[in-house]
Each structure stands twice: as structure tokens, then as C-alpha cells.
Amino acid sequence: MAATIQALVPRMRDICGAGNVITDPLELRTYECDGLTSHRCVPALVVLPGSAAEVAAVVSACAGAGVPFVARGSGTGLSGGALPHESGVLIVMSRMRAIVEIDPVSRRAVVEPGVTNLAVSKAAAPFGLFYAPDPSSQVVCSVGGNVAENSGGAHCLKNGFTVHHVTGLEIVTPSGELTWLGDGTGICSGYDLLGAFTGSEGTLGIVTKIVVKLMPVPEVVHLLLVAYGSTAEGGRAVSDIIAAGVLPAAIEMMDALAIEAAEEAVHCNYPAGAGAVLLVELDGPAAEVEAELSTVRSLCEAAGATEIQAADDPAERAGIWAGRKSAFAAVGRISPAYIVQDGVVPRTSLGAVLARIAELSAEAGIRVANVFHAGDGNLHPLVLYDDNVPGQAEAAEKVSGAILDACLERGGSITGEHGVGVDKSRYMPRMFGADDLDTMQLVRCAFDPAGLCNPGKIFPTPRLCGEVPGRRRPPHPAVVAGQAEIFLYGHRTVVASRGPPGSCRRLPGAGRRHRRRRGGGSGPLVRRLAVVDRRGFRALAGGGRGRARGGAARRRDRARLGRPAVTLRPGRGPALDGPGSGARGRRPGGAGAGGRDDRAAGRGVRLGLRFRPAAGARRPGRGDRGRGGRYRHGRAAAVPLRCPA
Ligand SMILES: Cc1cc2nc3c(=O)[nH]c(=O)nc-3n(C[C@H](O)[C@H](O)[C@H](O)COP(=O)(O)OP(=O)(O)OC[C@H]3O[C@@H](n4cnc5c(N)ncnc54)[C@H](O)[C@@H]3O)c2cc1C
């Protein structure tokens, strides 16, 4: 165990209790992967905090020691999002599984992140309410993991994804501050930080409490199981249903191979010999469902249905759903190994992309089973292979990548609900341009300037602020030659700071102050990591004088820099605001903006990053436990939340 981690162990034991800190190499192995078992990495240390205050203290300790940390819920993620860092701390949320409050009047629940998805609906059921997002893994996956992945499920077609049901989050920021995003009302003024956080795959902080909307259990639910000769006919029915203005709660499709697997696993009695089955669920007021049912039936028949079974009894419906919900796991019965792919296409392209998948499968001699949220165009091709046959794993990987290409060619996406994680980070440049990736990095850096929170995920390389998207590069030649340096930067932005906070040209002084205060310093820090040319940096820092300027120059700078949370400032040192420097909206590498060209010339790249914490921001202190933190972003809650004592 590395010395830094070794030094953290006693602190972690103090915070979480000795029994909740895992150092034994064998026990650490338990956490080496999530649902994506092809990526494995044993964490240096595992901790299981029992409260938000403990999470904050753990993160604070990691941040202070410069140790990376990764949150883990139930570990069912399929993109390697919870893959640990080999020199980092894995923070497992499974002890935090309290349902803090079910409020039937406001129709909302407050839960801890380790609570399983299904447990929320079970707790709400006595009040005639349920929690709508329903990933197939809902029996095990945690709500914290759902928030991080913005998870969907069969019924998200009508009800929306996790992001549409989360109205407040208590989070621990990557510097260890406990705070709230959203106020539990679902109404957001200012930047929608709640929206930005949901789906950020654990890279912007750790969720410690979640406020979710609850929905009334529908009066009537009706499920149709429709058999077709092929997925193309099923796809036509899907388009026709939506075009007719009917929005079912769910429309799911499975092809012949997926049906075969489900039959073997759960004996779901789907129509024998079907090339595809469609599950169409309608819910709502009885009269509305009745009317829609006849429309859907006739559209399904017109698309070539060979058999239609209807079920409105809950037990019957559960039996039919069992086949669909078990499909991923069931495939293990017909193949020793498989890749669960997750791509999105416009609904109208379903037929064409499924045909392309069939072609790819035939060309490579690799079987592909298709299970998908047809209503959303969210495909889950399951690419089957035998890892004992040389070359099959590689061939399967190739088919899997080609499927994503097919989705992108049709204007789709590389993920619908499983996230990017480590698995798909290499596909990000296929979907997003360098500008998009740069901008996403800036958002990430605004939350986590030190890059310690779940590093190495989402982006193509374990990149840090100031790096440019693309293939992973070796260290910059200027850094190797000692002409430039990697700069880890920090300064206080609290009221106690002298002068205007966040000004780029004050960074050198701020850096010295930060280093001096780091030992006992508390309060929000802004750090910056950039490859900077020393000469250019001094010029940037103070007109070449290496010190902060005052008076009119400072006012000019304030006017020029404005007060945005994040500013991208590509450029080459002294020419900061000169003609062609592109102080706004130009990515490094753009003409006249320095960036890649400057790197090649050994002059370096810099990113200006400014981050102002919320007014009154503070670290959690004595007494926070039991009050459950504060709402700092957004308005005060209409009904105060009750948090665990
Ligand atoms: C059989 C099966 C079926 C599935 N079906 C679906 C489906 O229908 N729809 C769907 O969307 N997904 C599905 N999934 C994927 C997976 O279940 C979801 O992504 C789920 O949300 C992950 O939750 P988890 O608790 O297991 O998170 P983990 O796998 O532990 O973590 C996932 C990510 O969340 C982060 N994270 C976890 N907890 C926190 C926290 N408290 N704060 C911040 N970040 C955190 C982790 O760092 C990681 O990046 C399925 C998976 C399996 C194995």
C-alpha cells in the first residue's frame, strides 16, 4: 500500500469506524469491478461511511492528501463508472440506505443514496404512490447510482428519466463541502446545477441524500404482448403507435435470440417461434386506457402481428415483464460471455439499424441478441462470444463498436442510459467535437479542479483541466525539457481573501498563500491545473512583473473578465487580449488562439478557470449531523425536509 494511502488509514478509521475501512488485499478484490467485468482494478482502500458527515470527512481527507476517490453504489453499472482507482479510495455507499421521509402530501421522498430503487416504490406503495424510473436492475441498484447515471427503464418513455424525478440533492463536493443542489420543489432558478449533476457519473461529487418525486399509481394498467415474424414489423408498429398520438407507459422489443434466452431463464411463455415480441403497456384513467387499447391493437395487427396476448392482472403482467427484465442476465444461459451495448437511434431508424446489426453479426460470425426500449429508440444489442475461442472477444468488441458507429451515422447516441464510464470514453470524440469536450471539461473542472473525483471516466483519457481532447499524449516536451511546468493551483475565494477573488493575474500570490495554508486551511479552494509557459504565465499574472496590479488596472481586468463561473482563456501569454487571441469561446488549438500550435512550439497552453462558491459556503461542522445540511443553491424548500437524527 502506498505511503499516502497508508497515512490515510487511521484517519479513515476515526471517521467511519475501524470495521468500515477495508485494507485486506483479498477483501479489496471484492470491489475490483462493477457490472462491466472486462475492466478490473483493485482499489487501494475501501471505506463504507454511514452518514453524509462521514462522507464529507472522507472526501476532505482525500482532497487534503491529493488522493483520488470513487463513489460506488451497488456496483451494477454497465459502463465501468464505479471502477476503482488503483491508488485511490473507493467510497461505498451501501450503509447509507435509510428512507428518510415519504411525504404523501407533497408527493416526494427523501432517501439516502444506498437505498435500492425498488425499495422507494415499496415504501411509497401504502400511500398509493410509486417512484417512476425503473431500471431492470431495480431490485439491486441504488438510487445514488441511478442519479449518477441518469438511469432509465422500461417506463421512462412516458414518465421520463431519473433527471425528471430528482428535485433536490445533498452532495459532498470534491473538496469535501456538504451542500444542496435544488430545493426539493423541482423549480430551478439560475443555473440548473441539479440537472448538470444528474448523469455526471460520479465525477462532480458524491450524493448523500436525494429528494425524488413520487407519482400516483395509475388507475388502470394494461399490457399487450404482441408477436411478430421479424423486428422490422415490430419496429413499424412502434412508429405507427407513436405517430397515432398514443404515448404508452412502455414499448419494449426483444428479438428471437433474446426470447430464447429469456425462455430458458424464466420460462416466460412468450409465443413460440416469434421472430420478435413487443410489450406495450398502457396506463392511466380507465376510460383513456380503453380507448388507446383498441387503437394500439389495430395498429399492431396492421403491422403484421401474428399473436396478441393481453394482461391486466398484476400477476400476469409481472410474468410477462419477467422475461424482459431478466433478458440481460438470461443471455448468460446461451453464451459464456457477452457485451451489453447501449446505443440510441431515432425511432424511425430502428429498422435500418437493426438490419445493419444483423449484417455485422453475419459478417463477423458473432451472434447478437437485441433487447430494447423501442419507444425511446434505445437499443441494447447483446453481443455474444466465447472468450475461450481465440479472437472471438476481439471480434465481439469490433462488432460492438461498429453498432455504435451505426447509431451515430443515423444521428443517434453512444449511450441511452448506461453511461460512458471507462467503457465508452474512447467513443466520445466520435460523438462530440473538441469544442464540446473542452466545454464539458470546464464544467467538470468547475466542480473538481484537482481532478480527484472519479478520474479517468467519461473523457477519452484521464485528462485534467488544461489538457486537450484527443489521444493520450506523452508529457509535453517542454515539461520534459524543464521549460514549462504542470501547475497545481489554489487560492481562497472567501471573504477573507484580499482583493477580488478569482482574478487570473493574482494567481501566483494566491498559489503561495494556498501552499502556506494548505495544512490547516479550510474553506473552498479554487485550484487550477494547466501547462503554462513560464514567461507567458508571468505576463498573464501581472503584466510581466510577477505581482498583482491594483487600482485602474484591476478594475479594467474585472470589467474584462466579468463574473462568469468559468472562463476559457486560450492564448499565448502576453497576447492575452490582443487581436486574434480569442479570449472567448475559442478552444486551445484554434487559429491564433495558442493551444495545440503553441504546444507544438513548446509554449504551452493555459486555461483560466474561476469558480466562486455560494455565498456563505462553509464546511460541515458540529451540529450539521442531524440537521442534514442546508439548501444553498436555489430557494428554500417550501416544506422543510426532515432529516435523520
Ligand atoms: C441486469 C442489469 C440490468 C440493468 N438495467 C438497466 C436499465 O434498465 N436502465 C438503466 O439505466 N440501467 C440499467 N442497468 C445499469 C445499472 O443498474 C444502472 O446504471 C444503475 O443506476 C447503477 O446503480 P448502482 O447503484 O449499481 O451504481 P454503481 O454501479 O455502483 O455506480 C454507477 C456510477 O454511479 C456513481 N455513483 C454511485 N453512487 C454514487 C453516489 N452516491 N454519488 C455519486 N456518484 C455515485 C459511481 O461512481 C459510478 O460512476 C442494468 C444493469 C444490470 C446489471
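# Reading contacts, sheets and loops in a predicted model

Q: Which residues of helix 8 meet which residues of helix 10?
A: On the side of helix 8 they are Ala237, Asp240 and Ile241, and on the side of helix 10 they are Val296, Leu299 and Cys300. By class, this contact holds five nonpolar residues, one charged residue and no polar residues. Keep in mind that the model is predicted.

Q: How is the packing of two helices described?
A: In general, two numbers are used: the angle between the axes and the distance between the axes. Here helix 8 (residues 231-243) and helix 10 (residues 286-302) pack at about 145°, and their axes are 9 Å apart. The crossing of helix 8 over helix 10 is right-handed.

Q: What does the protein chain contain as a whole, in helices and strands?
A: The secondary structure comes to 21 helices and 21 strands. The protein chain has 645 residues, of which 51% count as buried. Among contacts between residues at least 6 apart in sequence, 72% join residues at least 24 apart.

Q: How do strands of a sheet pair?
A: The general idea is that they pair through backbone hydrogen bonds, either parallel or antiparallel. One case here is an open sheet of four strands in the order 1-2-4-3, with mixed pairing. Its edge strands are strand 1 (21-22) and strand 3 (69-72), and each of them pairs on one side only.

Q: In which sense do strand 1 and strand 2 pair?
A: Strand 1 and strand 2 (residues 45-47) are antiparallel and pair over two bridges.

Q: What is the order of the strands in the open sheet of five strands?
A: The order is 5-6-10-8-9, and the pairing is antiparallel. Strand 5 and strand 9 (178-181) are at the edges with a single partner strand each, so one side of each has no neighbour in the sheet. On average, neighbouring strands of this sheet are turned by 15° against each other, direction ignored.

Q: How many bridges join strand 5 to strand 6?
A: Four bridges join strand 5 (residues 99-103) to strand 6 (residues 108-111), and the two strands run antiparallel. Glu101 has Val110 in strand 6 as its bridge partner, and Ile99 stands opposite Val111 in strand 6. The two strands form a hairpin with four residues between them, and Arg107 in the turn has a positive phi of about 50°. Helix 4 (residues 117-124) lies across strand 5, strand 6 and strand 10, at about 45° to strand 5.

Q: Which residues are closest to the ligand?
A: The closest are Gly73, Gly77, Gly81, Gly145 and Gly202, out of 37 residues that surround the ligand. Strand 3, helix 5 (143-149), strand 10 (206-213) and helix 12 (327-330) are the elements that give two or more residues to this shell. Helix 5 gives the most, with five residues. By class, the shell has 13 nonpolar, 19 polar and five charged residues.

Q: Why does Asn454 count as buried?
A: A residue is buried if 20 or more other C-beta atoms lie within 10 Å of its own. Asn454 counts as buried because it has 31 C-beta neighbours inside 10 Å. Asn454 lies in the loop between helix 16 and helix 17, and it has a positive phi of about 50° although it is not a glycine.

Q: Where is Ile458, and is Ile458 buried or exposed?
A: Ile458 is in the loop between helix 16 and helix 17. Ile458 is buried, because 24 other C-beta atoms lie within 10 Å. Its phi is positive, near 70°, in a residue other than glycine.

Q: Why does Pro460 count as partly exposed?
A: Pro460 has 19 C-beta neighbours inside 10 Å, so it counts as partly exposed. Pro460 is found in the loop between helix 16 (434-447) and helix 17 (477-480). Pro460 and Met428 are 32 residues apart in sequence, and their C-alpha atoms are 6.6 Å apart in space.

Conventions
Residues are numbered from 1 along each chain as its sequence is written. This is a predicted model: local features need pLDDT of at least 70, side-chain atom pairs count only at pLDDT 80 or more; totals for chains, interfaces and linings use all residues. Axes are lines fitted to C-alpha atoms, for helices over the stretch in contact, and angles run from 0 to 180 degrees between N-to-C directions. A crossing is left-handed if the near helix is turned anticlockwise from the far one by less than a right angle, and right-handed if clockwise. Two residues are in contact if their C-beta atoms, placed from the backbone, lie within 7 Å. Ala, Val, Leu, Ile, Met, Phe, Trp, Tyr, Cys and Pro count as nonpolar, Asp, Glu, Lys and Arg as charged, and the others, Gly among them, as polar. A residue is buried if 20 or more other C-beta atoms lie within 10 Å of its own, exposed if 12 or fewer, and partly exposed in between; C-beta atoms are placed from the backbone. Two strands pair if DSSP finds at least two bridges between them. A residue is near a molecule or strand if its C-beta atom, placed from the backbone, lies within 6 Å of it.
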